[in-house]
Amino acid sequence: MNRLLLTHAHIAPQTASNSLIPNGAIALQNGFIDWVGPMAELPESYASWPQKNIKNRLVTPALIDCHTHLVFGGNRAKEFEMRLNGASYTEISRAGGGIVSTVTATRAADLETLITGALPRLDALIAEGVGTIEIKSGYGLNLETEFNMLRAARALGQRRNIRIITSFLGAHAIPAEYAGRADDYITEICISTLKDAHAEGLVDAVDGFCEGIAFTPTQIARVFDVAKELGLPVKLHAEQLSHLGGTMLAAKYGALSADHVEYANEADAKAMAASGTVAVLLPGAFYTLKETQAPPIGAFRKHKVPMALATDCNPGSSPMTSLLLTMNMGCTLFGLTPAESLAAVTTNAARALGLTDTGRIAKGMRSELAIWDVETPAELSYRIGFNPLHTRIVGDTY
């Protein structure tokens, strides 16, 4: 039996009370949390367990990156230069760049190339205390490459001690061979590939990109209907560059999350609150694209919409592999408090993935913890370009 008692810990449990536990202890057994609380209240039954003195370091749940495009081929540094010279994201996309250019590079990469290319990005996130990460497909836009992306994501979870959640993002862009035939693409490639990938156990959730340069709400609804038939939860890239009604669509389908949401409004916030849909904020893309329309944080607070933060790691609009920097950006660019920022990469990020066994330090939760060389949780959002992680605990690896 694998047991460990962490002692003299400053614990940020991220539970409903959200009260810090100074001089606390956490009992871990066989990959799960068996007890947590002040050392003064530690039951005698744990006294004989192997102990590790944390020396008053801060302990939080392991961080969760709930929106990434971590698996892809090539890079888009040239488009970075184009944006610096004044080209917009939409202009680059319509000129054959953007997502479609990554599709070309990803289709040219074999499975092992996709895995080895993603590992350094994954390792950077693990080094910052990440214990769970979501990875999307969507740079294949054909059956073979979408399968390769999903298989690569699963393989990453076997090569590293981390939980991987996969999202099928076949409705990400319209490939060149289907130009002007978006509905045909949805029918012939997206939906059929989704069904096949689900049958092979490669899909945990279904995503889409609802935007003028991608798909309409009606087209996304067709994909969501199939997801519902398959018993898969949905999430959506919505209201990033304009307001097309994607957030309302997500709420209608009870989506786990609506992501980006810069152009969402108060009515969208009310609908999300009613459906329990999490607002996933992606400041990396906001920063890279030099956007000026920030998400409606006030409306989300007013209607108690849970807010998560994620890197949106991708080769174009958010080539970022630091969730700590994301937390800082969430505060500096969007006005989140440090407490909201920490909840956004733990409790609320878990909700955005439909997970109920992580994101909090409580009895019965998975032993997924991050131990930090800081005095207060606010320091995690305060620093820029500095990683204070002392160690990460995931599963039975103590």
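Tutor: Start with the word helix: a helix here is a DSSP run of H or I, at least four residues long, numbered from the N terminus. A153 lies in such a run, helix α5. Keep in mind that this is a predicted model.

Student: Why is A153 called buried?

Tutor: Buried means under 20% relative accessible area. A153 has 1%, so A153 counts as buried.

Student: Which residues is A153 in contact with, leaving aside its neighbours within four places in sequence?

Tutor: V71, I135, I164 and T166. Contact means heavy atoms within 4.5 Å.

Student: How far apart are A153 and A258 in space?

Tutor: They are 22 Å apart, C-alpha to C-alpha. In sequence, 105 residues separate A153 and A258.

Student: Now T106. How do you know whether T106 is buried or exposed?

Tutor: Use the cut-off again: buried is under 20%. The relative accessibility of T106 is 0%, so T106 is buried. T106 sits in helix α3, residues 99-107.

Student: Which residues of α3 are buried?

Tutor: I99, T102, V103 and T106.

Student: Why do we say the buried residues of α3 line one face of the helix?

Tutor: Look down the axis of α3. The buried residues fall within an arc of 110 degrees, so they line one face. They pack against α2 (89-94), α4 (111-126), α5 (143-159) and β9 (205-210).

Student: What makes a group of residues a nonpolar core?

Tutor: The members are buried residues of types such as Ala, Val and Leu, joined through side-chain atoms within 4.5 Å. The largest core here has 94 residues. L63, L156, V203, L281, F300 and W372 have the most contacts inside it. Helix α6 (residues 182-199) gives the largest share of this core, eight residues. Another core, of 16 residues, lies apart from it and includes V59, A362, M365 and I393.

Student: Which residues does V203 contact, beyond its neighbours within four places in sequence?

Tutor: Among them are L150, F168, L194 and L232.

Student: Why are β7 and β8 called paired strands?

Tutor: Pairing needs at least two bridges. Strand β7 (residues 130-136) and strand β8 (residues 163-171) have five, in the parallel sense. I135 stands opposite T166 in β8.

Student: In what order do the eight strands of the open sheet run?

Tutor: The order is β6-β7-β8-β9-β10-β11-β12-β13, with parallel pairing.

Student: What makes β6 and β13 edge strands?

Tutor: Count partners. β6 (63-65) and β13 (307-309) each have a single partner strand, so one side of each is left without a neighbour in the sheet. Neighbouring strands of this sheet are turned by 25 degrees against each other on average, direction ignored. Helix α12 (residues 323-334) packs on the sheet and touches β6, β7, β12 (278-281) and β13.

Student: How do you know which strands pair with β1?

Tutor: Six bridges join β1 to β2 (residues 21-29), running antiparallel. Three join β1 to β4 (residues 51-53), running parallel. Two join β1 to β5 (residues 58-61), also running parallel. As examples, L4 stands opposite L28 in β2, and H10 has L58 of β5 as its bridge partner.

Student: Why is β1 described as mostly covered?

Tutor: Seven of the nine residues in β1 (residues 3-11) are buried.

Student: Why is N56 called exposed?

Tutor: Exposed means over 50%. N56 has a relative accessible area of 52%, so N56 is exposed. The loop between β4 and β5 holds N56. Its phi is near 65 degrees, a positive value in a residue other than glycine.

Student: And is K290 buried or exposed?

Tutor: K290 is at 59%, so K290 counts as exposed. K290 lies in the loop between α10 (283-288) and α11 (297-302). K290 has a positive phi of about 55 degrees, although it is not a glycine.

Methods: Residues numbered from 1 in each chain as written. Predicted model: local features only at pLDDT ≥ 70, side-chain atom pairs only at ≥ 80, totals over all residues. Heavy atoms only, no water. Buried < 20%, exposed > 50% of the residue type's maximum accessible area, 1.4 Å probe, protein only. Arc of directions from axis to C-beta. Axes fitted to C-alpha atoms, helices over the stretch in contact; angles between N-to-C directions.
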